[in-house]
Amino acid sequence: MTIIDIGRGSIGQQQAGEDASRGKVVEAVGEVGALDDSVADARIFDVDAVVDLAQQGYTIGEIVEFTSASTAQVEAALEAVIPGGAASIRVALRSRLRAWAAHAADDGWQAAESAFGIPHANITRLVRSPEQDMALSAGEEPEALRPGYLDSALSGTVLEDERARTCVRCYAMGATLQELGDRFGVTRERIRQIITKHTPWSTTDIGRTLRGMREAREREHREAVQAWSLAHPGDTPESGARRLGMTEDQVRELLGSRRTNHLAPRARPVSAVRRSDEQILEDLRTFHRETGQRTASAFAAWAKQRGVPGNQTAAIRFGTWNEALHAAGLTTERGRPRSALGEDDLWAAVIAAVAAPDGGTSSAKADAWLHRHDGAPSLTLIRQRLPYRWAEIAATALAVLRGEPIDLGEGFDDAWRGRVTAPRTWSEASPEVEPAQHLRDAMAELGENLTMARYRSWASARRRPTAQTLLRRTGLSWGELVREAGGITGGTKPAWTDAHCRDAVQDFRAARPGGGSEAYAQWARENGRPSLATVIKRLGSWSGAVGMDMPAAEVMDSPRAREKQEQP
């Protein structure tokens, strides 16, 4: 006998004639569910609700009774959304419960209800514990919100009134008053009265208990998914769903920002295939044979006519334009040496970044991880040297972690896997530096008037984050970030003081002894110091400004001083 049948035999009899048409709808739905396993009314068969009940430890029989669907329908619904279906859910729950018990204090299984958001009766059944402190004696008032509060309502052993037992059990399993009223052809207020007046429980206490358990269940699910993610970097969400007894959608949602540790980024369409290093070198040789030239501008024009990458691509790939010419055998001059890291090292760095707890498959997360490890290559170098798009690079790293085949052509065999997964020391992660601190360090060397171009050159030489990276992390404009770091920007009129001007003149004379006013004007522009006009305005004249910084003997011996002394 199902809940629907009991309802028609009790509440339905009391309300007969009050709403006959609604009773016929309920009866028709029950008949369809019983006769045709392939049809289920959406009002009484919600797949999400079935999954939630199964993840609370309810048996297939109890879920069938709750939904009035058939056993085949419930089993098929669970199999469709969770690999392994109900059996997978039970195994995963039992495993997590026993792992919890191994580290928990001697609180017994009742404490697990608050930790997992699962009714105590279902927990004891899942772990097959001999503890049976789970039912209230008849007539005893239940204590709201204590562990096991819902056990007697779910077991139905306390109540002799069958209709009250049905209502309170269904409500304790998560049905709303409106849903019960619609099922039985009565109002939601009537259902509330039956539960409140004819059982030891109140709808308020049951509802509060269910909300608390739902929050605990969501918290435990999130912690379980995060623990799985850390233990199995690169594994698929489908595999996580099978291990955890959850749907794949649940796993994806609960992963949060760690989705990038398990999913490759979406590949963007490209209009052309990226040329390899050897193809670029062959382009350089062909250009030299046809034109006899070796300048970057001539190659740029030649490359544009033939639709191949220009001089900038060659310079980026090989470090400098001269280094590219040297690699092609067209000059003996050498530019900046290319990175000593080989392609295997670059692949190994990507795999380490994807697998790291604070890494991921997104370029932003990988870039941040690489920057925190001094021995690792930069993301820019990886993208320059590996002839693939980032989506392909990240997907390949995931395939290596999962042991899946790689579809990038020849050379990506077991020997290659062994080389790129061999242990490497990327150095310990350096502490995260706030973006403004990078600018303060730059201003300590370059001055307070820091432009993006000057910071870019400074950061490149010192392996600091690029200006674009800092702007992306902070969400600020360049001017706002400079001002946050205590500097001034081109759009802000510097509040130069006399002290600023005197210090600037002193620094200039130390850097360029004997330099005049024109040399200072150029030096000030290059170093973000007070302009020549500002110095003259604040200190009276250039000679006066220089005189403030010169010893008295040096001032008297200056050309201007001697000229004045010679005048009559």
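Arginine 419 is partly exposed in this predicted model, with a relative accessible area of 39%. This arginine forms a salt bridge with aspartate 344, and the closest N and O atoms of the two side chains lie 2.6 Å apart. Aspartate 344 sits in helix α21 (residues 343-355) and arginine 419 in helix α25 (residues 414-420), so the bridge ties together parts of the chain that are 75 residues apart in sequence.

Arginine 538 forms a salt bridge with aspartate 498, with 2.8 Å between the closest N and O atoms. The arginine belongs to helix α32 (residues 532-539) and the aspartate to helix α30 (residues 498-511), so parts that are 40 residues apart in sequence are tied together. Arginine 538 counts as partly exposed at 40% relative accessibility, and aspartate 498 is also partly exposed, at 28%.

Because glutamate 220 lies in helix α14 (residues 203-231) and arginine 96 in helix α7 (residues 85-103), the pair ties together parts that are 124 residues apart in sequence. Glutamate 220 is buried, with a relative accessible area of 8%; arginine 96 counts as buried too, at 14%. What else links charged residues in the model, and which residues form a network of salt bridges? Glu278, Glu282, Arg285 and Arg289 are linked in this way. The salt bridges in the model come to 18.

The C-alpha atoms of arginine 222 and leucine 254 are 5.4 Å apart in space, although the two residues are separated by 32 places in sequence.

Aspartate 48 is located in helix α4 (residues 47-55) and counts as exposed, at 61% relative accessibility.

Helix α12 (residues 177-184) shows how burial can be arranged around a helix axis. The buried residues of this helix are Leu177, Leu180, Gly181, Arg183 and Phe184. They span an arc of only 160° around the axis, which means that they lie on the same side of α12. In general, an α-helix has 3.6 residues a turn, so residues three or four places apart point the same way. Just after α12, glycine 185 adopts a positive phi of about 75°.

At the level of the whole chain, the secondary structure consists of 35 helices and zero strands. Of the 568 residues, 42% are buried. The chain exposes about 29,300 Å², of which carbon and sulfur atoms supply 50%. Among contacts between residues at least 6 apart in sequence, 60% join residues at least 24 apart.

The mean pLDDT is 76, and 77% of the residues reach 70 or more. Residues 1-44 have a pLDDT below 50, and this stretch has 58 contacts in the model beyond near neighbours in sequence. The pLDDT also stays under 50 over residues 552-562, where the model has ten contacts beyond four places in sequence.

Terms used:
Residues are numbered from 1 along each chain as its sequence is written. This is a predicted model: local features need pLDDT of at least 70, side-chain atom pairs count only at pLDDT 80 or more; totals for chains, interfaces and linings use all residues. Side-chain values use heavy atoms; hydrogens and water are left out. pLDDT is the predictor's confidence in each residue, from 0 to 100. Contact means heavy atoms within 4.5 Å. Helices (H or I, at least four residues) and strands (E, at least two) are DSSP runs, numbered from the N terminus. Buried means under 20% relative accessible area, exposed over 50%, partly exposed in between (1.4 Å probe, protein chains only). Accessible areas come from the Shrake-Rupley method with a 1.4 Å probe; for residues, only the protein chains shown count as cover. A salt bridge is a side-chain nitrogen of Lys or Arg within 4 Å of a carboxyl oxygen of Asp or Glu. The arc is that of the directions from the helix axis to the C-beta atoms.
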